[in-house]
Amino acid sequence: MKRFLNRLLPKSWRSDIVTIPVIRLHGTIMPGGGPFRPSLSLASTAGPIEKAFSFDAPAVAISINSPGGSPVQSRLIFRRIRDLASEKNKKVLVFVEDVAASGGYMIAVAGDEIFADPSSIVGSIGVVSASFGFPELLKKIGVERRVHTAGQNKAVLDPFKPEKKEDIERLKALQLEVHETFIDLVKDRRGAKLKDDPDLFTGLFWTGKKGLELGLVDALGDMRSVLRARFGPKTQLKLITAPRGLFGRFGWFGSSRGGFSAPEIAAAAASGVIDAAEERALWTRFGL
């Protein structure tokens, strides 16, 4: 509406300032999350995404810095961006910071154009599952593990039991299905831009400069420079943020039901330490 009314004014009265809404999708992609472990998921990003597309602007800019995570949450975020882009008839411009890999790259292909720094990391189009095995640990510390199931496959890949060949094969079959979905999505979005390279979908990752050669990104550049070159030197960037979180809304360790109990705080902290280790491993894979 603002742009429409602006066109009705005499040319000398028209404002040449364009405001572009900006969404920052930074972090690992995981369902849930909490005060000790903020993460990217549809639940945590839907609000800012919806708000950004409600702006009277010619495009929405998205800054991505993520090593990946949940393929389901990655695709849900991707889908929400594309649905709103079609509904609002807006261009989506994605800007990669340090890394857009695995699920991070899945979200990046929601952009009509992808920009990266020459030293950004992009790609890693694959699926990984990692865990630890402790089959001998319980014996050494004198603990007996008891597992009772209804269904012979209910306890597959138990970390306290030796791996079975059939369980690994089942897991790999699932990974292949998820990988195929990822590949199809990238091919659908990038199309003829992708180069015919045998390593493209093997899980390898590249710099932004090499990603440009492979067709994984469209150009090299930073958000401010690109947007001002496209929409004018007076272009303004408007960062769209989520509503204040639990701490900001209720005070430190407060809640709408009268506060967290000490066991809840301890459990959340312990869970946060484990999750932080997993997230650290994701970032470390890309040298970050």
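**Close-up views of a predicted model**

**Figure 1. Ser-41 counts as buried, at 2% relative accessibility.** The cut-off for a buried residue is under 20% relative accessible area, so Ser-41, at 2%, falls in that class. In this predicted model, Ser-41 sits in the loop that runs between β1 (19-26) and α2 (42-53). When neighbours within four places in sequence are set aside, the contacts of Ser-41 are Met-30, Pro-31, Gly-32, Gln-73 and Ile-77. Gly-69 is 28 residues from Ser-41 in sequence, and the two C-alpha atoms are 9.7 Å apart.

**Figure 2. Ser-102 has a positive phi.** The phi angle of Ser-102 is about 55°, although the residue is not a glycine. Most residues other than glycine have a negative phi. Ser-102 is placed in the loop between β3 and α4 (103-108). With a relative accessibility of 16%, Ser-102 counts as buried, because the class takes in values under 20%.

**Figure 3. Ser-124 also has a positive phi and is not a glycine.** Its phi is near 55°. The loop that holds Ser-124 lies between β5 (121-123) and α5. Ser-124 counts as buried, its relative accessibility being 4%.

**Figure 4. Four acidic residues form a patch of negative charge on the surface.** The patch brings together Glu-97, Asp-98, Asp-117 and Asp-222. One of these residues, Glu-97, belongs to strand β3, which spans residues 91-101. The relative accessible area of Glu-97 is 37%, so this residue is partly exposed.

**Figure 5. Leu-137, Ile-141 and Val-143 make a nonpolar surface patch.** The area of the patch is about 250 Å². Ile-141 is part of helix α5, which covers residues 137-141. At 52% relative accessible area, Ile-141 is exposed, because the class begins over 50%.

**Figure 6. Overview of the protein chain, with 10 helices and 8 strands.** The chain has 288 residues, and buried residues make up 36% of them. Of the contacts between residues at least 6 apart in sequence, 72% join residues at least 24 apart. The chain exposes about 17100 Å², of which 56% is supplied by carbon and sulfur atoms.

How values were computed. Residues are numbered from 1 along each chain as its sequence is written. This is a predicted model: local features need pLDDT of at least 70, side-chain atom pairs count only at pLDDT 80 or more; totals for chains, interfaces and linings use all residues. Side-chain values use heavy atoms; hydrogens and water are left out. Patches are made of residues with over 30% relative accessible area and no salt bridge: like charges are joined within 9 Å, nonpolar side chains (Val, Leu, Ile, Met, Phe, Trp, Tyr) within 5 Å. Accessible areas come from the Shrake-Rupley method with a 1.4 Å probe; for residues, only the protein chains shown count as cover. A salt bridge is a side-chain nitrogen of Lys or Arg within 4 Å of a carboxyl oxygen of Asp or Glu. Helices (H or I, at least four residues) and strands (E, at least two) are DSSP runs, numbered from the N terminus. Buried means under 20% relative accessible area, exposed over 50%, partly exposed in between (1.4 Å probe, protein chains only). Lys and Arg count as positive and Asp and Glu as negative; His and the chain ends are not counted. The place of a charge is taken as NZ of Lys, CZ of Arg, CG of Asp or CD of Glu. Contact means heavy atoms within 4.5 Å.
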